[in-house]
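I opened the model today to look up a few residues and some totals. My entries follow the display.

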Amino acid sequence: YVSSDEVFVRKDATVFPVSVISTPIIKGGAVVASVTAFRDITLDKGLEEEIHKARKLESVGILAGGIAHDFNNLLAAIMGNISLGKVFLEEGKQEKISQLLDKAMEASEAAKELSFRLLTFSKGGNPLKQLTSIEGLLRSKYCLGRRRFS
């Protein structure tokens, strides 16, 4: 018998986890006794908790890195469109400036949505899941360049 889900109580009424290992002693085909060992696994449990916390922090770090990457892409689209708008402003191309400002606005809306999803996630809300096409994602309206995908 092996178990690590047992607890013992000390004289001062504090509880601590123990590992129990018990082996029967057989004589003449019958169990005549058993040898049982108990081991305090408080440190083991503490180490397991620390490893679990470290893994959770690692996961949060990966998530934060992905969000930062997405947000940085959106900011690059916004800043790129505004910079191009300044160039066209000097050339007096109002229609082109309007298009670039529209793209910057779309990217800003996407950044706002990303922030909203992050806040929802951080408050423990259910993430919104939706199907999307890869092609549509690659053709997203806030991308700086427009390329044809066949």
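I looked up V9 and found it exposed because its relative accessibility is 57%; exposed means over 50% relative accessible area, buried under 20%, partly exposed in between (1.4 Å probe, protein chains only). This is a predicted model: local features need pLDDT of at least 70, side-chain atom pairs pLDDT 80 or more, while totals for chains, interfaces and linings use all residues. Numbering runs from 1 along each chain as its sequence is written, and side-chain values use heavy atoms, without hydrogens or water.

I placed V9 in strand 1, residues 2–9 (strands are DSSP E runs of at least two residues, helices H or I runs of at least four, numbered from the N terminus).

I then turned to S22. S22 sits in strand 2, residues 15–27. I noted S22 as buried because its relative accessible area is 18%. Which residues does S22 contact, leaving aside neighbours within four places in sequence? I listed Y1, S34, V35 and T36 (contact: heavy atoms within 4.5 Å). The side chains of S22 and T36 also make a polar contact of 3.0 Å (a pair of N or O atoms within 3.5 Å; within protein, one must be able to donate a hydrogen and the other to accept it, and residues adjacent in sequence count only if both atoms are side-chain atoms).

Last, I checked the chain. I recorded three helices and three strands, in the order β-β-β-α-α-α. Buried residues are 17% of the 150. Of contacts between residues at least 6 apart in sequence, 35% join residues at least 24 apart.
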